There are 2 protein chains.
Amino acid sequence: MVNDDTRIQRDRRARILEAGLEVFSVEGFAGATLDGLANAAGLSKPNLLYYFPSKEAVYLALLERLLDTWLDPLRVLDPDGDPVVEFLAYVRRKLHLARDYPRESRLFAGEVLRGAPVLAPELSGDLRKLVDAQARVISGWMAAGRIAPSEPHHLIMSVWALTQHYADFAVQVSAVLGDTRDPWEEAEAHLTTMFTRMLTG
Amino acid sequence: MVNDDTRIQRDRRARILEAGLEVFSVEGFAGATLDGLANAAGLSKPNLLYYFPSKEAVYLALLERLLDTWLDPLRVLDPDGDPVVEFLAYVRRKLHLARDYPRESRLFAGEVLRGAPVLAPELSGDLRKLVDAQARVISGWMAAGRIAPSEPHHLIMSVWALTQHYADFAVQVSAVLGDTRDPWEEAEAHLTTMFTRMLTG
DNA sequence: CGAGTATTTGACCGTCTGGTCAAATGAACG
DNA sequence: CGTTCATTTGACCAGACGGTCAAATACTCG
């Protein structure tokens, strides 16, 4: 049969990856167990291993998929648009990404925290190229006097640091703000203010 | 003998905590092993357990000690000083803390990432009080028109997010900046610029 | 239906891990 | 020196963990 990917295979793999996201993002790679993974996926352990050869394979597949979903919305920075509008749109996109995909954010954070044993090559490869490209656009804006000068790479990293913080340190954010407030809504206002001032000098 | 803590006990406990910091900050609680811990401390496993009853006890002792060293330099915000100078000094203090104690920073980050199973009470207790106090000082400055208005809690969290980022995501920072640059020096300049603009509107 | 393949599972295994224990060693002191 | 207490250790254990395997079950299609 030429059919290489049956409906059931797609379904099981998807469920395993979903479960993996849930488990790895909370327990970390070391803390997660095959039993827990299988349980969260609603499968028996050997059944899970029928679809992925090992725990590490699930983790790898997850990280691989992550980088796509994660970096893709960040590629668009139109050099010809209004710099402040463009940049603020970028900030909002990144913030919404953290808000809507907190597990992905934490999974990524956990990897990098441990020294990125798996993701290191991607970081100094694809990621760096992406940042360099955006830094060039921003540099252009600054050179043209359209936004206040600053260090573009650090500016971009500031966006990451600030947006991811709300996802990765959600517990701390809630503890500090209290339960009655909406961190994400406030974050959007705050970051808008902050980066507007940063860019307009 | 009235002496309840011999020289050798202090030494061993200190070595264990030092080893724990090294190991837990890289491997996380789940990833760390007693053997690895004992090895890093230069002790045999049962010998380590002679000083701490369990792996968790080492972790707990570490987190407990952490909060002191970690939050203490952040208490000083003089309401009567120059707001921008005061706040920038705060930022620098926090940045140097992250630079000089990256393992502590990562240990803390790992805890909070996993939902702060241990530290949660402290976060909504001591930490929140500390932040509230500082937020009040900042609010006062804003009300007096001495700095541009913004949300004080988020302003403070921005400092944390940005400074810790350079320690917790050091691998990513290096990957993005390349090996020839000095992240910490650049970070200090960048954060000075950023928060100056933020505060002066 | 029946043959053949895809999927699922219970039982099992070797290894690692956190932790125990009794015995050995070392230090202090009269 | 001998006694006493603190420290250290090799040997050990029970449970968890990652992973295997052969057998059972479900599914597909002629």
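Q: What distance separates the centres of domain 1 of chain A and domain 2 of chain A, taken over C-alpha atoms?

A: The domain bounds themselves come from an automatic or database domain assignment. For chain A that assignment gives domain 1 (1-53) and domain 2 (64-200), and their centres are 30 Å apart over C-alpha atoms. The model is predicted, so local features need pLDDT of at least 70 and side-chain atom pairs count only at pLDDT 80 or more, while totals for chains, interfaces and linings use all residues. Residues are numbered from 1 along each chain as its sequence is written, chains are lettered from A and ligands numbered from 1 in the order in which they are written, and side-chain values use heavy atoms, with hydrogens and water left out.

Q: How many residues of domain 1 of chain A are in contact with domain 2 of chain A, and what area is buried between the two?

A: The size of an interface is often given as the accessible area lost when the parts come together. Here buried area is the accessible area (1.4 Å probe) that two parts lose on being put together, summed over both, and contact means heavy atoms within 4.5 Å. Six residues of domain 1 of chain A contact five residues of domain 2 of chain A. Between these domains about 580 Å² is buried, and carbon and sulfur atoms give 61% of that area. On the side of domain 1 of chain A, the residues that lose the most area are Leu17(A), Leu21(A) and Ser25(A), together 72% of what that side buries.

Q: What area is buried between chain B and chain A?

A: The area buried between chain B and chain A is about 4,700 Å², with carbon and sulfur atoms giving 67%. In terms of contacts, 55 residues of chain B meet 55 residues of chain A. Leu113(B), Val176(B) and Arg197(B) supply 16% of the area that chain B buries against chain A, more than any other three residues.

Q: How many helices and strands does the secondary structure of chain A have?

A: Helices (H or I, at least four residues) and strands (E, at least two) are DSSP runs, numbered from the N terminus. Chain A has ten helices and zero strands. Its C-alpha atoms fill a box of roughly 60 × 45 × 30 Å along the principal axes.

Q: Which residues of chain A does UniProt list for "DNA-binding region"?

A: UniProt positions are given in the numbering used here, feature names are shortened, and annotations may be inferred rather than shown by experiment. The unreviewed UniProt entry lists residues 33-52 of chain A under that name. Over residues 33-52 the chain is 75% helix and 0% strand, with the end C-alpha atoms 14 Å apart. The annotation "domain: HTH tetR-type", also from an unreviewed UniProt entry, covers residues 10-70 of chain A. Residues 10-70 of chain A are 87% helix and 0% strand, and the end C-alpha atoms are 22 Å apart.

Q: Which residues come nearest to DNA strand C?

A: A residue is near a molecule or strand if one of its heavy atoms lies within 4 Å of it. Of the 18 residues around DNA strand C, the nearest are Ile8(A), Arg12(A), Pro46(A), Tyr51(A) and Leu34(B). The largest share of this surface, four residues, comes from H3(A). Of the atoms of DNA strand C within 4 Å of the protein, 55% belong to sugar or phosphate and the rest to bases.

Q: Which side chain has a polar atom 2.9 Å from a phosphate oxygen of DNA strand C?

A: A polar contact is a pair of N or O atoms within 3.5 Å; within protein, one must be able to donate a hydrogen and the other to accept it, and residues adjacent in sequence count only if both atoms are side-chain atoms. The side chain in question is that of Lys55(B). From chain A, a side-chain N or O atom of Gln9(A) lies 2.8 Å from a phosphate oxygen of DNA strand C, and for Asn47(A) the distance is 3.0 Å.

Q: Which residues come nearest to DNA strand D?

A: Of the 18 residues around DNA strand D, Leu34(A), Gln9(B), Arg12(B), Pro46(B) and Tyr51(B) come nearest. Sugar and phosphate make up 57% of the DNA strand D atoms that come within 4 Å of the protein. Phosphate oxygens of DNA strand D lie 2.5 Å from a side-chain N or O atom of Arg12(B) and 2.7 Å from a polar side-chain atom of Tyr51(B).
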